[in-house]
Amino acid sequence: MRCSETELAEVLVFEPKVFGDERGFFMETLRQSYFDACFTAKGFKPPIFVQQNHSRSQHNVLRGLHFQQRKPQGKLVRVCAGSIFDVAVDIRIGSATYGQWVGRVLSAENYFQMWIPPGFAHGFYVLSDYADVIYQCTQYYDPEDERILAWNSSDFAIDWPLSAMPILSERDSAASTPL
């Protein structure tokens, strides 16, 4: 598995080795010893995952920007069907990269996984007919602790690759930007 940094050093992209032939393919999506070595080499604390989630969304759905305030979650995100534009926004007050964002296309075809560190808001936009997104979390989901930032905030100026006005949940539609 290859580990590379993004424009925001703590947001990492993992590219697993895929072994394929006429029967299909095989890949490891998580090997704790590899993650430990990669994170340690970059000077970061390796994550420990406690929860895994799976969501399916149709084309043009935008989910986010979500985060937990008191119990921040790190997330390792991958797509097992379809494709998304995945976004991480640094919302750590006092951080040198506060308010900056990074986005990557994650798909069933490229096999990429993106690490969203604790202290970052997360969102994604579905590019394909539908997308199945699987993400592992470092903290348990706590609905009382969840916060949502406006996906279209001028404070972040995220360059979403929208094909039309996105489909949003009621909560995402009502989100505001101030932390």
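Analyst: Let's start with Glu5, which is partly exposed at a relative accessible area of 41%. On this scale, buried means under 20% relative accessible area, exposed means over 50%, and partly exposed lies in between (1.4 Å probe, protein chains only). Keep in mind that this is a predicted model, where local features need pLDDT of at least 70 and side-chain atom pairs count only at pLDDT 80 or more, while totals for chains, interfaces and linings use all residues. Residues are numbered from 1 along each chain as its sequence is written, and side-chain values use heavy atoms, with hydrogens and water left out.

Glu5 has a partner: Lys42 forms a salt bridge with it, and their closest N and O atoms are 3.8 Å apart. Glu5 sits in strand 1 (residues 2-5) and Lys42 in the loop between helix 1 (32-41) and strand 5 (51-58), so the pair ties together parts that are 37 residues apart in sequence. Lys42 is partly exposed as well, with 28% relative accessibility. A salt bridge here is a side-chain nitrogen of Lys or Arg within 4 Å of a carboxyl oxygen of Asp or Glu. Helices (H or I, at least four residues) and strands (E, at least two) are DSSP runs numbered from the N terminus.

Ile48 is exposed, at 64% relative accessibility. Together with Val50 and Tyr140, Ile48 makes a nonpolar surface patch of about 320 Å². Patch residues have over 30% relative accessible area and no salt bridge; nonpolar side chains (Val, Leu, Ile, Met, Phe, Trp, Tyr) are joined within 5 Å, and like charges within 9 Å. The areas come from the Shrake-Rupley method with a 1.4 Å probe, and for residues only the protein chains shown count as cover.

Now back to the charged pairs. The structure holds 11 salt bridges. One of them joins Asp142 to Lys71, whose closest N and O atoms are 2.8 Å apart. This pair links distant parts of the chain, 71 residues apart: Asp142 is in the loop between strand 12 (130-137) and strand 13 (146-148), and Lys71 is in the loop between strand 6 (62-68) and strand 7 (75-81). Asp142 is buried at 14%, whereas Lys71 is partly exposed at 37%.

Arg23 and Asp21 also form a salt bridge, with closest N and O atoms 2.6 Å apart. Here Arg23 is exposed at 74% and Asp21 partly exposed at 36%. Finally, Glu10, Asp90 and Arg92 are linked in a network of salt bridges.
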